[in-house]
Amino acid sequence: MHAADLASRVHAKRVGDHYQARCPAHEDRHPSLDFTDGQEGVVVYCRSQGCRIEDICRGWGIRPAELFFNQQSREAWTARWSQSAVPVPKWWKDPKLAGLH
């Protein structure tokens, strides 16, 4: 998928050399999500909350691997992502907050 294809799918607006849209991973009143074509696929960045690509794609109803231009890149990303552990936030380990989770 290319940025132009994604833009038509998520109703994004072209701004200069990139697109802007509301981030589907959080309440977004104003477009805070930028995306454009990179070397191997669409590069996505949430300026407001720094949302994870998995959450953004879930909100769009696509898999992150679909953002890559070719099958080889999709497969490499899928293999890399499936083997990585999701890091635990530092605040989760804070003993003062132990009763909150």
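**Helices on a sheet**

Tutor: Let's start with helix H2, which lies across S3 and S4 and runs at about 100 degrees to S4. Keep in mind that this is a predicted model.

Student: What makes H2 a helix?

Tutor: A helix here is a DSSP run of at least four residues.

Student: What comes just after H2?

Tutor: Gly61 does, with a positive phi of about 80 degrees.

Student: Which residues have the most contacts inside the largest nonpolar core?

Tutor: They are Leu6, Phe35, Val44, Ile56 and Trp60, in a core of 19 residues. Two or more residues each come from helix H1 (3-10), strand S2 (18-21), strand S3 (33-37), strand S4 (42-46) and H2. H1 gives the most, with four residues.

Student: What makes Leu67 a contact of Val44?

Tutor: Contact means heavy atoms within 4.5 Å, and Val44 and Leu67 are in contact, so they have heavy atoms within that distance. With neighbours within four places in sequence left aside, Val44 is also in contact with Leu33, Asp34, Phe35, Ile53, Ile56 and Trp60.

Student: How do you know that S2 and S3 pair?

Tutor: Two strands pair if DSSP finds at least two bridges between them. Three bridges join S2 to S3, so the two strands count as a pair. They run antiparallel, and the bridge partner of Tyr19 in S3 is Phe35.

Student: What is the order of the strands in the open sheet?

Tutor: The four strands have the order S1-S2-S3-S4, with antiparallel pairing.

Student: Why is one side of S1 and of S4 left without a neighbour in the sheet?

Tutor: Strand S1 (13-15) and S4 stand at the edges and each has a single partner strand, so one side of each has no neighbour in the sheet. On average, neighbouring strands are turned by 30 degrees against each other, direction ignored. H1 packs on this sheet too, touching S2, S3 and S4.

Terms used
Residues numbered from 1 in each chain as written. Predicted model: local features only at pLDDT ≥ 70, side-chain atom pairs only at ≥ 80, totals over all residues. Heavy atoms only, no water. Core = buried A, V, L, I, M, F, W, Y, C linked by side-chain atoms within 4.5 Å. Buried < 20%, exposed > 50% of the residue type's maximum accessible area, 1.4 Å probe, protein only. Axes fitted to C-alpha atoms, helices over the stretch in contact; angles between N-to-C directions.
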